[in-house]
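Please look through the sequence and the structure shown here before reading on.

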Amino acid sequence: MSSRPVVAVLDYGSGNVHSAVKALVAAGADARLTRDRDLVLEADGLVVPGVGAFEAVMGALRAHRGGDLIDRRLAGGRPVLGICVGMQVLFERGVERGVDSEGLGEWPGAVTQLEAPVLPHMGWNTVRPDAGSRLFAGIENERFYFVHSYAAQRWELDVQPPFPAPSLTWCDYGEPFLAAVENGPLAATQFHPEKSGDAGIRLLANWIDGLGAATV
C-alpha cells in the first residue's frame, strides 16, 4: 500500500492537467486526475489547475461545482493549491479584455492586466518570497516559468491575530505582482510549477510535505 499522500487534480476541463499530474508524482504524491466528488473532498491535497481566460475557467468550475468543493475543503482545513488561472479565480474578480467576471472570492481584490511593454509575460523569472515561506524553502533564489498577461497586483486581505499572516511572494514584470500566496490551507502560484524544472518539483514537494501536518 502506497504511503504517498493522495493529491486530487480537479478535472473540470482545463488544459495542461496531465503535466501537472506527472510533476506531482515526481514530487512524491499519489496524484489522481479526477472529478469524483468524494475523492476531491477526501484527498490529502487538491490541486486546481487553470489555463485560458478567467471567465472561461470560472464557467467550467461552476459547471462542476468546483467552488463548492474548494469551499468545503477549506472549511475543514484541507489543503488546496491553485495554479496559474487556478490562482487568479481565487480572487473576487477578474477583468480581462473589458469583461469583468466574478471569481470564487476566497481572497478580496481583482486580477487585472499587467502594465508591461510586452505581453504576455512568458518565460523564466525570479521571485521574492517572504522569509519563512514553506513553499519556497530551499529554492528562494530559483527561477520559475510564467505564461500570463493578467495577475493580482495588490494584496487586500487584512488578517488579524490570532490568525497567522499569509506568506506573499512577489515577482516583477513591468510592475510587481503576486507570484504566490500561502494563506492557511489555501495556497496558489501564478507561475507553472510543472513547467519550472527541478525548482518547480521542489516547490510541489514542499507543498506535499506539508499535507500530513495540515490534515492531522
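The sections below take up strands, helices, cysteines and backbone features in turn.

## Basis of the report

This is a predicted model, in which local features need pLDDT of at least 70 and side-chain atom pairs count only at pLDDT 80 or more, while totals for chains, interfaces and linings use all residues. Residues are numbered from 1 along each chain as its sequence is written, and side-chain values use heavy atoms, with hydrogens and water left out.

Helices (H or I, at least four residues) and strands (E, at least two) are DSSP runs, numbered from the N terminus. A residue is called buried under 20% relative accessible area, exposed over 50%, and partly exposed in between (1.4 Å probe, protein chains only).

Strand 1 is largely enclosed by the rest of the structure, because five of its five residues are buried. In a regular strand the side chains alternate between the two faces of the sheet. Both faces of strand 1 are covered: Val-6, Ala-8 and Leu-10 are buried on one side, and Val-7 and Val-9 are buried on the other.

Two strands count as paired if DSSP finds at least two bridges between them. Strand 1 pairs in the parallel sense with strand 2 (residues 30-34) over five bridges; Ala-8 has Arg-32 in strand 2 as its bridge partner. Strand 1 also pairs in the parallel sense with strand 3, over three bridges, and here Val-7 has Gly-45 as its bridge partner.

Four strands form an open sheet in the order 6-5-7-11, with mixed pairing. Strand 6 (99-102) and strand 11 (150-152) stand at the edges with a single partner strand each, so one side of each has no neighbour in the sheet. Neighbouring strands of this sheet are turned by 20° against each other on average, direction ignored. For such angles, axes are lines fitted to C-alpha atoms, for helices over the stretch in contact, and angles run from 0 to 180 degrees between N-to-C directions.

Strands of a sheet pair through backbone hydrogen bonds, either parallel or antiparallel. Strand 5 and strand 6 run antiparallel and are joined by four bridges, with Glu-96 opposite Val-99 in strand 6. These two strands form a hairpin with two residues between them, and Arg-97 in the turn has a positive phi of about 55°. Strand 7 (residues 107-113) and strand 11 also run antiparallel, joined by three bridges; Gln-113 has Tyr-150 in strand 11 as its bridge partner.

## Helices 3 and 4

Helix 3 lies across strand 5 (91-96), strand 6 and strand 7, and runs at about 30° to strand 6. Arg-65 is found in the loop between helix 3 and helix 4. Although Arg-65 is not a glycine, its phi is positive, at about 55°.

Which residues of helix 4 (residues 66-75) are buried? They are Gly-66, Gly-67, Leu-69, Ile-70, Arg-73 and Leu-74. These residues lie on the same side of helix 4 because they cover an arc of only 160° around the axis, the arc being that of the directions from the helix axis to the C-beta atoms. They pack against strand 1 (6-10), helix 2 (37-42), strand 3 (45-48), helix 3 (54-63), strand 4 (80-83) and strand 14 (186-189), where contact means heavy atoms within 4.5 Å. After helix 4 comes Gly-77, whose phi is positive, near 70°.

## Cysteines

How many disulfides does a search of the whole structure find? The search finds zero, a disulfide being a pair of cysteine sulfur atoms within 2.5 Å. For Cys-84, the nearest cysteine sulfur is that of Cys-171, 13 Å away.

Cys-84 is buried, with a relative accessible area of 4%. Cys-171 also counts as buried, at 1% relative accessibility. Cys-84 is placed in the loop between strand 4 and helix 5 (85-88). Its phi is near 55°, a positive value in a residue other than glycine.

## Cis peptide bonds

The peptide bond from Leu-119 to Pro-120 is cis, and its omega is near 5°. Pro-120 has its place in the loop between strand 7 and strand 8 (121-126).

Another cis peptide bond joins Pro-161 and Pro-162, with omega about 15°. Pro-162 lies in the loop between strand 11 and strand 12 (167-173).
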